[in-house]
Amino acid sequence: MSDTIFALSSAAGRAGVAVFRVSGAQAQESLSVLTRGKCIEPRKATLCRLIHPDTQKTLDHALVISFRAPASFTGEECVEYHCHGSPAVSQEMLAVLAAQPHHRVAQPGEFTRRAFEHGKMDLTEAEAVADLIHAETSLQKQQALMQMEGGLSSVYRDWSDRLKKALAYLEASIDFADEELPEGFLTPILVDLKDLKRDIVHHLDDNRRGERLRDGFSVVVLGVPNAGKSSLINCLTQRDMAIVSDISGTTRDVIEAHLDIAGYPVILSDTAGVRTGEGEIESEGIRRALQRGAHADLKILLFDGSKSLEDQKDIDALIDEQSLVVINKSDLELKLDLKGIHISTKTQESLSSLLEALKEKLDQIMGRGETVSLTRQRHRDSLCEASNSIDRALEAPQIDLIAEDIRLAMRALGKITGHVDVEDLLDIIFSDFCIGK
Ligand SMILES: Nc1nc2c(ncn2[C@@H]2O[C@H](COP(=O)(O)OP(=O)(O)O)[C@@H](O)[C@H]2O)c(=O)[nH]1
Ligand SMILES: [Mg+2]
């Protein structure tokens, strides 16, 4: 912790501006070296000539902002240098900073980790910083911002406070002998615990929407060979990423494309055509296709409108709640009697209706409302732990046992926000970040 860390915080390569960040006890010293002791007012962008300390020549003209501890992102002394974004300037800046006493390159996520360790944010907020940096769609960004602004923390903090209150009552009573306790003393505490338990279960029963939004929704296209699955993916991605061909069974493996559908991140998978009794490689492809379909958030069942249903029975059998029936080749004579969205990947007809229907299905999965959702399995695990402890508390025969289970439930909640016992988790969580954040 005593090292001063630095990094190029903007993306590497040529750019208009390159931002370098320095944080730690010696950050003001290196600033002084680079500006030859120029006095820089904190929190004010100041145009400075940076001097290379070895050659005494100009290194760059940069906008410098200094943040004095603890009023900085990390809570430490911090300096930001907004330099010209050339590889040559970057190399020199990094070399000069590296040569300063007690300075070293930051590890991935180390600035945010220091912010967490100085109490600037809790663990869910720090995780949200990483999510915000990785966000690819508007809804992912919105979710990350909500969590970064304390959306999850405030829910868990409130629950923890409710447990603390119950615990305070119980602890006050432990000094009394059982017979001295007022009649019905436990009842309101148990009612509160039951309410809390219901809130946690409700929060957990969220269709995994936060996790799905963070990781992307998996949508799989299934259909008989030549239904136009690869053509559809090509249309939707507007790229030739899947191979389109007349020869049945060209797509033998699963191909993925990442799409942004009305703000939802979607991972769209092309698959081998589903039909029975084909060659060995193809059967493996079919097995994978069906397996993908079974695990997907949503299936697009793509029918060939120019063929009869009899020829597409295997696909018909897959229709369920998680599927969208789409009938392709509307430019040809219709030979299929089935309800669904009629499209043509050839003429691009009604592709927008398909996208609209996909959006509606995703809306359904996400549910309405702006409530915050947990975004990681880690949160889910600890919430289950808290919920189980509350269950045990509700069943416990003695006051000191109830109190102990409440303490365990508080501990589980504290693990999510990072208020207890998370040393072993930190390396894993912050390694998810990029360098410079
Ligand atoms: N007429 C017509 N042909 C299509 C349409 N979509 C795909 N095809 C053709 O159907 C054949 C099979 O398409 P492909 O995308 O490889 O099907 P897949 O086996 O399901 O992946 C190709 O010759 C496509 O050009 C369509 O909407 N109309
Ligand atoms: Mg194909």
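**View 1. Helix H6 passes helix H7 in a left-handed crossing in this predicted model.** A crossing counts as left-handed if the near helix is turned anticlockwise from the far one by less than a right angle, and as right-handed if clockwise. The axes of H6 (residues 151–174) and H7 (residues 187–204) come within 10 Å and cross at roughly 160 degrees; axes are lines fitted to C-alpha atoms over the stretch in contact, with angles from 0 to 180 degrees between N-to-C directions. H6 is therefore roughly antiparallel to H7 (angles over 145 degrees). Helices are DSSP runs (H or I, at least four residues), numbered from the N terminus.

**View 2. Here are the residues that join H6 and H7.** H6 brings Trp 159, Arg 162, Ala 166, Tyr 169 and Leu 170, and H7 answers with Ile 189, Asp 192, Leu 193 and Leu 196 (contact: C-beta atoms, placed from the backbone, within 7 Å). By class, this contact has seven nonpolar, no polar and two charged residues; Ala, Val, Leu, Ile, Met, Phe, Trp, Tyr, Cys and Pro count as nonpolar, Asp, Glu, Lys and Arg as charged, and the others, Gly among them, as polar.

View 3. Of its 21 residues, Gly 228, Lys 229, Ser 230, Ser 231 and Lys 346 come nearest (C-beta atom, placed from the backbone, within 6 Å of the ligand). Helix H9 (residues 229–237) gives the most, three residues.

**Notes.** Residues are numbered from 1 along each chain as its sequence is written, with chains lettered from A and ligands numbered from 1 in written order. In this predicted model, local features need pLDDT of at least 70 and side-chain atom pairs count only at pLDDT 80 or more, while totals for chains, interfaces and linings use all residues.

How values were computed
Helices (H or I, at least four residues) and strands (E, at least two) are DSSP runs, numbered from the N terminus. Angles under 35 degrees count as roughly parallel, over 145 as roughly antiparallel, 65 to 115 as roughly perpendicular and the rest as oblique. Two residues are in contact if their C-beta atoms, placed from the backbone, lie within 7 Å.
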